Amino acid sequence: MVSSPHEAMHRVFQDHPGLFSRVGPALGVDFPPYTSFDVMPTDLTETQPLERRVDTLLRFDTERDGPFLLAVEAQGKKDPGKTASWAYYLSYLHSKHRLPPVLLVVCQDRATAEWASRPFRIGPAPWTSLTLHPLVAGPHNLPAITDPAEAAEDLALAVLAAVTHAKEPDVGAILKALSAALRDVPEDVADPLAELTAQGLGKLPAADLWRTLMAVDLSFYKSPISQEIRAEGKAEGEARALLVVLQSRGFQLPAATEQKVSECRDSRTLNQWLSRAATADSLDEVFHED
């Protein structure tokens, strides 16, 4: 039952809205004088079903600090409306589960990561009532794992590094290290990670390189993508991936060089060029004769 003091403490602001401007200085906040006001409906119930889903939600229990929730959101581009949704997610999770929530946003490019990292403040300029401050993982802070031994130490982190660096110049070296690391683990471990990497690369240029590496380095696996690539022809796929990698790294390919690559059907030579292309500083380094 609502008490009389409860009613009085908020109703006085409905009846005398100018009171807020006079209370502000006592609180140490200087709000500007109002020019007009409206008494808004107090019912905040959603009258229409509204589906809201976080991408991934995990609960962690800790020995020292107790349990907490981790909400993971994958963000492919800037979305001004998303920050309000994230604030809603955390408020809802805290209210429903009575556990502290943490928001982790995973991005695939630096501009989106920088945008997502900015604190989102709710409230007028003189006073922020609520601040959303997500953790952001992306190419700006996740390691570029280019050593197969390091990739093998944490395959899941190596996959995340590959996906988040998909648009970076060093993605070729990262994918090469990951594919090499996956050679030495059982098929039931390597196959899902290889497929997850392919899914994360989507239709980006790095996806062609990964498909070729899977056909070459993981040829003994029977994953759907590996089978599809082998059906297309290994050498043809290698040549196409090499051209994509060179172009994505900013090399200007002479017509003769492009033709040389496209017509090559020696998988050993193509794989050698492809390996060099991931880190080479010039076309001469890629195509030099041993």
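Helices are taken here as DSSP runs of H or I with at least four residues, numbered from the N terminus. In the predicted model, T197 lies in one such run, helix α8. The protein chain as a whole has 14 helices and six strands. Of its 290 residues, 38% are buried. Among contacts with a separation of 6 or more, 59% are accounted for by residues 24 or more positions apart.

Helix α8 spans residues 187–201, and its axis comes within 10 Å of that of helix α7, residues 171–182, the two crossing at roughly 160°. Because angles over 145 degrees count as roughly antiparallel, α7 is assigned a roughly antiparallel arrangement relative to α8. The crossing of α7 and α8 is left-handed. On the side of α7, the contact is made by L175, L178 and L182, and α8 contributes A190, L193, A194, T197 and L201. In terms of residue class, the contact of α7 with α8 comprises seven nonpolar residues, one polar residue and no charged residue.

Two of the α8 residues in this contact, A190 and T197, may be described individually. A190 lies in helix α8 and has a relative accessibility of 0%, so A190 counts as buried. The C-alpha atoms of A190 and S179 are 9.1 Å apart in space, whereas the two residues are eleven apart in sequence. T197 is likewise buried, with a relative accessible area of 0%. When neighbours within four places in sequence are left aside, the contacts of T197 are V159, A162, V163, L175, L178 and W210. Among these partners, L175 and L178 also belong to the α7 side of the contact between the two helices.

Aromatic pairing was examined next. A pair of aromatic rings is described by the distance of the centres and the angle of the planes. With ring centres required to lie within 6.5 Å, the count comes to four aromatic pairs. One of these is formed by W86 and W115, with a centre-to-centre distance of 5.8 Å and an angle of 50° between the planes, a tilted geometry. W86 is located in helix α3 (residues 82–97) and W115 in helix α4 (residues 110–117), so this pair ties together parts that are 29 residues apart in sequence. Both partners are buried: W86 has a relative accessibility of 0%, and W115 has a relative accessibility of 11%.

W273 and F287 form an aromatic pair with an edge-to-face geometry, at 4.9 Å centre to centre and 70° between the planes. This pair links distant parts of the chain, with W273 in helix α13 (residues 267–277) and F287 in helix α14 (residues 283–287), 14 residues apart. W273 is buried, its relative accessible area being 6%. F287 also counts as buried, at 11% relative accessibility.

R98 is not a glycine, yet its phi is positive, at about 55°. The relative accessibility of R98 is 64%, and since values over 50% count as exposed, R98 is classed as exposed.

Terms used
Residues numbered from 1 in each chain as written. Predicted model: local features only at pLDDT ≥ 70, side-chain atom pairs only at ≥ 80, totals over all residues. Heavy atoms only, no water. Axes fitted to C-alpha atoms, helices over the stretch in contact; angles between N-to-C directions. Parallel < 35°, antiparallel > 145°, perpendicular 65-115°, else oblique. Left-handed = near helix turned anticlockwise from the far one by under 90°. Contact = heavy atoms within 4.5 Å. Nonpolar A, V, L, I, M, F, W, Y, C, P; charged D, E, K, R; others polar. Phe/Tyr/Trp six-rings, centres within 6.5 Å; stacked < 30°, edge-to-face > 60°. Buried < 20%, exposed > 50% of the residue type's maximum accessible area, 1.4 Å probe, protein only.
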